[in-house]
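Good morning, and thank you for joining this group meeting.

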Amino acid sequence: MSRSRIVVGLEVGTSKVCTVIGEQRDDNAVAVIGVGECPSRGIRKAEVVDLDTAIQCVHQSVQAAEESAGVEIRTVFAGVSGSHVRSFNSRGMVPVMGENGEITDADVDAVIRNAMAVNVPLENFEIHTLCHDYNVDGQDGVQKPQGMRAMRLQADVHVIHGVESRAQNIVKCVQSVPPLIVNSMVFNGYAASLAVLTEEQTQLGAMVIDMGGGTTNFTVHVRGAVRHSGVIAVGGDHIANDIAIGLKLPLSRAERLKVEHGSVQLDESMKGRAIAPSGELRIGTSVVFQDQLCTIMRLRVEETLQLVKQELDDSGWGAFIGAGVFLTGGCAHIRGIKELAAEIFGLPVQIGTAQTVMGLTTPLQRPEYAAPIGIMLEGVKRLGPLPKRQSLWEMLRNIARPT
Amino acid sequence: MNPTDSTVQENAMSVREKRVRILVLGVGGAGCNAADRLADRLRPDETNGPHLVAINTDSHALSSCLVSEKFQLGIKTTFGLGAGGDPAIGLKAAQEDRDRLAELLKGSDLVFIAAGLGGGTGGGASPFIAKLARDAGALTLAFVTLPFEFEGDRRNEQARAALAELKRETDAVVCVPNDQLFQMAGERATVLDAFRMADDLLAEGVRSIWRMLTKPGLINLDFNDLRRALEDRHDETVFGIGEGQGDERAAIAADAALKSPLLGTGQILAEADTILVSLVGGPDLTLADIQSAVSTVRRKADRNPHIFMGTAIDEDFKDRLLLLVIASRGKTGNGSAVTNPLPSERDLAAAPTVEKNATLPLAGSQPPVKSAKPKSLRAIQPSLGLEVNIKGRFDKVEPTIYHGEDLDYPTFLRRNIRIGDPNDRPVVAGEKLSDGQQNRSRSWQNTVAAGGSLAAGHACARRAV
């Protein structure tokens with residue numbers, strides 16, 4: 001009998017609501033066994049603006065995932081993003097209280113609490129508290145201090161926090177679909193980096209930019225830990241909106257033009273080339289030239305990436321990005337974005353897709369699935385390894401000799 | 001016009017002569033530290049600058065203060081031992097010395113009060129002192145800090161009560177919670193650094209206002225403008241300072257000022273309805289500099305605010321430019337009802353200038369206009385001249401404001417890049433684009449430079465008493 005656990009990641013995104021069902025196997029490997037997706041309505045900039053329609057989308061997405069996996073789901077991990085999500089680095093220090101000066105779990109808890117003590121505003125809650133490393137009596141870079149002897153324990157942490165009431169809208173939206181229950185929240189940007197980066201890349205230094213429909217989330221990993229993260233509430237919707245305004249088109253048409261003819265690299269051949277969305281008669285509609293379309297797109301994408309680059313430089317970790325930049329999210333599909341990003345960052349740029357799961361790989365090797373898969377992976381991490389299997393004999397023995 | 005000429009005291013009353021008497025009071029422990037810092041900065045050449053006084057109930061702390069003029073508050077009440085964190089004692093001490101304080105404040109035109117509100121002296125005495133200052137006819141501005149969250153509820157509540165009190169008694173309060181300051185100072189900043197930054201910020205703010213009022217300028221911004229911009233602005237007043245050097249100094253300075261943490265990374269600016277822009281430059285200051293700086297600020301403002309601007313020329317500022325932005329958001333509460341009786345009484349008592357009467361009706365009529373304006377009536381930037389709503393689908397959602405720029409407006413509009421009417425044969429896009437790129441790379445360099453100068457001293461924190 002092989003045992004497993006079902007873990008679900010649910011991203012209520014601006015352009016799609018995506019449910020990823022993973023199975024954590026006996027050997028703690030994780031496989032994706034089902035995916036469900038539904039175009040979003042009632043979400044702007046990664047936050048709920050119309051609860052009722054958003055609930056319907058969650059419902060459809062979950063149903064589709066359940067059908068594809070053949071399981072029923074109850075507990076999910078939900079992604080959160082939006083302009084309210086912030087992060088900071090902090091250092092905590094406590095005297096070691098354990099017996100014989102040995103560091104215990106309680107000391108580690110205390111030092112992390114201490115690190116968070118100052119900075120989080122009252123209405124906010126911590127989404128992630130990620131520990132970089134510990135410093136034990138001046139010795140830097142300690143990964144696991146439990147059991148070491150010391151007088152003093154320091155911890156450097158990266159805290160990602162958000163406004164509780166705004167994050168609760170996502171929880172409410174998901175929990176309005178019975179029988180779903182949200183276990184906890186995961187920051188989409190961090191989730192995308194979890195799915196995309198290998199352990200080695202996080203050591204080398206990497207930045208993951210998750211450009212979705214409504215927000216651009218970024219996470220910087222250096223030496224195996226998150227050093228910086230954040231949200232800029234600009235995404236693919238803004239590009240389409242710019243096009244609609246600049247070329248005086250309806251939004252739906254702007255969106256289709258963006259997908260079919262858009263690019264952020266201009267070349268001579270585009271100049272004066274009239275374009276139209278496929279399947280649309282050109283007669284009677286105003287003419288759109290490709291160079292106009294692409295100029296608008298390029299300006300927006302370039303600006304957004306430059307803001308991210310500025311965030312990276314301001315954080316001071318810009319020089320430590322050895323493995324390069326990874327683009328995920330729907331905007332990673334924009335033609336020429338990889339080259340544009342390489343130009344802006346001066347670093348190797350790749351389109352990031354989920355690396356670290358087994359299962360339905362090919363259809364999942366798309367940048368927009370990085371975040372929901374990452375949410376699921378973070379869920380696996382939070383739930384911990386499966387309890388060790390006990391043989392019948394061991395069970396009986398335990399009953400006979402309770403410890 | 002020569003500010004070094006201090007012989008004719010009587011002329012100091014005349015605003016036209018640009019001799020405004022500025023009094024800076026550091027009240028309580030935190031306030032004295034800030035005053036110290038300012039004294040330190042002013043010492044070499046600006047001895048004729050603002051008049052600094054350190055006020056404290058704790059004689060021991062006061063004696064270690066660098067400011068030459070010290071004011072021992074409430075010696076009978078506290079025996080020089082401090083207020084013990086009790087604002088009631090702080091208030092009592094101030095009341096005891098009411099006459100001496102009134103004497104000190106007499107004849108001042110502009111009074112800055114620096115204090116940390118968590119303590120007894122800062123929290124208790126400063127509202128009282130502010131009231132006396134206003135009674136003496138001075139424009140009264142308070143720069144205060146709120147205690148850290150971890151200092152406990154009692155202290156925080158005390159500080160909040162003091163803040164409310166202070167808002168009633170002053171023209172404008174610039175209030176900075178220590179928690180926020182600490183974040184801005186950066187995670188690795190030492191406590192000392194963070195406090196120093198706070199003191200620096202206050203010092204720089206006071207100094208630039210002083211400079212603006214006393215140095216000759218291309219475009220005058222006088223005391224009455226300042227008064228008009230700040231009088232009775234209780235709701236929210238913030239300021240940011242930026243400095244730039246070299247060819248792009250105006251843009252660099254504007255950028256740094258707008259990114260100043262106290263401006264809430266620009267959010268508050270976007271909602272401001274009065275903005276005061278003051279430039280200090282050297283003799284080589286050009287009109288283009290002024291235009292560039294002011295238009296940068298104007299672009300960030302969302303609500304079509306009333307912009308006051310002035311420039312001053314300072315010989316020391318060769319090839320440099322300092323920009324001070326003071327923004328205030330109209331009052332939303334019912335504060336005006338409480339304060340209305342005060343200004344008139346005060347103005348009658350003070351009226352040091354002829355022009356004052358002329359500005360009075362304006363100053364008085366401004367707040368009601370503002371409070372009557374519904375929040376949803378957003379001004380569309382007129383220069384863009386588009387009849388449609390230019391935010392498109394983002395019209396009704398919370399704006400994405402990032403370093404003072406509303407990113408929901410299309411990039412090409414914000415950059416003023418013409419895409420061309422889709423129905424004429426448009427411009428050569430390649431050309432357009434390279435244009436845009438140039439702008440961008442330039443502004444990018446600016447922001448790097450500005451980031452540097454920002455870190456150099458405009459994040460801040462201050463000790464609670």
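To follow the packing, please keep one cut-off in mind: contact means heavy atoms within 4.5 Å. The model on the screen is predicted.

I begin with helix 4 of chain B, where B:Gly90, B:Ala93 and B:Ala94 are buried. Viewed down the axis of helix 4 of chain B, these buried residues fall within an arc of 95 degrees, and therefore they line one face of the helix.

The axes of helix 4 (residues 87-96) and helix 6 (residues 120-135) of chain B come within 7 Å, crossing at roughly 45 degrees. Helix 4 of chain B is therefore oblique to helix 6 of chain B, and their crossing is right-handed. On the side of helix 4 of chain B, the contact involves B:Pro87, B:Gly90, B:Leu91, B:Ala94 and B:Gln95. Helix 6 of chain B contributes residues including B:Gly120, B:Gly123, B:Gly124 and B:Phe128.

I turn now to chain A. Helix 3 of chain A has twelve residues, 164-175, which should span 16 Å at 1.5 Å a residue; the end C-alpha atoms are 16 Å apart, in agreement. Buried in this helix are A:Ala167, A:Ile170, A:Val171, A:Cys173 and A:Val174. They cover an arc of only 160 degrees around the axis, which puts them on the same side of helix 3 of chain A.

Terms used:
Residues numbered from 1 in each chain as written. Chains lettered and ligands numbered in written order. Predicted model: local features only at pLDDT ≥ 70, side-chain atom pairs only at ≥ 80, totals over all residues. Heavy atoms only, no water. Helix = DSSP H or I, 4+ residues; strand = E, 2+ residues; numbered from the N terminus. Expected span 1.5 Å × (residues − 1). Buried < 20%, exposed > 50% of the residue type's maximum accessible area, 1.4 Å probe, protein only. Arc of directions from axis to C-beta. Axes fitted to C-alpha atoms, helices over the stretch in contact; angles between N-to-C directions. Parallel < 35°, antiparallel > 145°, perpendicular 65-115°, else oblique. Left-handed = near helix turned anticlockwise from the far one by under 90°.
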